[in-house]
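Please look through the sequence and the model shown here, and then read the short report that follows.

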Amino acid sequence: MLATGIALVVWSGWQNLRQRRSAMQAQQQGRVDLIPGQPSAAASDSSTGQFQLRGRPAPAFTLLDLNGNKVSLSDFKGRPLVLNFWGTYCAPCKIEMPWLEEFSKKYAPDGLQIVGITYDSEVGRDTIARDTGKLGVTYPILLSDPTAEKDYLSGTDALPMSFYVDKTGKVIEVTAGLGSKDELESMVKETIASGER
Amino acid sequence: MKMLRLIIASRAFPLSATLALFLATTAQFGNAQFGMDAPANPRAYVLYAAEQQTVPAARRAVLELRFQIVPGFHINSHTPNSQLLIPTALTLEPSPGVKTAPLQYPAGEPYSFPFDPADKLDVYAGSFTVRLPVVATAGDHAIDATLRYQACDNASCYPPKTLPIKIVFTAK
């Protein structure tokens, strides 16, 4: 047990050094890598879990909104979507949510639909509504459930996590963590453009 | 991802501390975190540096409770700059022969996430010490307590967690 532990520590130290060098290079370029396949710690395990949804149909869901109404993925059929998992305790989520609100309005003529999915729905609708109200969010806010978390998050609890779904219903991108506003808008544009006939 | 985050702890920590972290984590959650059946929240972001302390009996004394935050992460301070965030807080269970006064939390340090430098949060990073004033009868004492905190790294945040601890000290 002890020998295994020491071996793991040595190996992990070497691995971590590599990851930190990559992360430092990314920081020097003034960005945080969020996209699978690019060299950052956040993206290092991108071949598994939630990132496997890239290129696949978005999993169906039916969730409750803050008014208790059922909302399904199929309600947005044919529209470019951003499914944004967030939490009331999540500071970076609350940085990007006003950006998403802005894009929701800016790209409404293109059919864009932003949907917030609250990870910590157990805090209650009042708390969630208080937070989204303070943030100026008007796009739909849904309450997550174990099935949606299993299908989309695959066990991770890192927030924010966003899934970009084009008008054909395919997940074209998955991002974990806070990126820049420009990066976010760029992915929104890609989502709108994807699936054009 | 969970395994990678455990790895992140290894460089900035001394080997002994990292090994202690590894052993503590695996002891608490078993080896399942490395397998397919890993629990959703298999790790702690804050460790308690338990140490035996000795204070004078029947007189006011202050216990120092030291906590270590896993490198690469921070947690909200006891007074985060937003009502929407979860403050770090320690709750104490009653302990026979021990009277406690309100806990004294350290000041946090300013922190901003990338892409939003104007928004200054108040956080603990690295290590922090909570001070607990006590008056205790002579003898060995143990106070059960629970630290509640919420951790983030430089891009993501993680659900609130609780860390049960046992504060052991001797009054004589």
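## A phenylalanine in a loop

F115(B) sits in the loop that runs between β7 (109-111) and β8 (121-125) of chain B, where strands are DSSP runs of E with at least two residues, numbered from the N terminus. Its phi is near 75 degrees, a positive value in a residue other than glycine. Most residues other than glycine have a negative phi, and most peptide bonds are trans.

F115(B) is buried, with 21 other C-beta atoms within 10 Å; a residue counts as buried if 20 or more other C-beta atoms lie within 10 Å of its own, exposed if 12 or fewer, and partly exposed in between, with C-beta atoms placed from the backbone.

## How the model is described

This is a predicted model, in which local features need pLDDT of at least 70 and side-chain atom pairs count only at pLDDT 80 or more, while totals for chains, interfaces and linings use all residues. Residues are numbered from 1 along each chain as its sequence is written, and chains are lettered from A and ligands numbered from 1 in the order in which they are written.

## An alanine in another loop

A58(B) also has a positive phi, of about 60 degrees, although it is not a glycine. A58(B) lies in the loop between β2 (53-55) and β3 (61-69) of chain B, and A58(B) is exposed, with 10 other C-beta atoms within 10 Å.

How values were computed
Helices (H or I, at least four residues) and strands (E, at least two) are DSSP runs, numbered from the N terminus.
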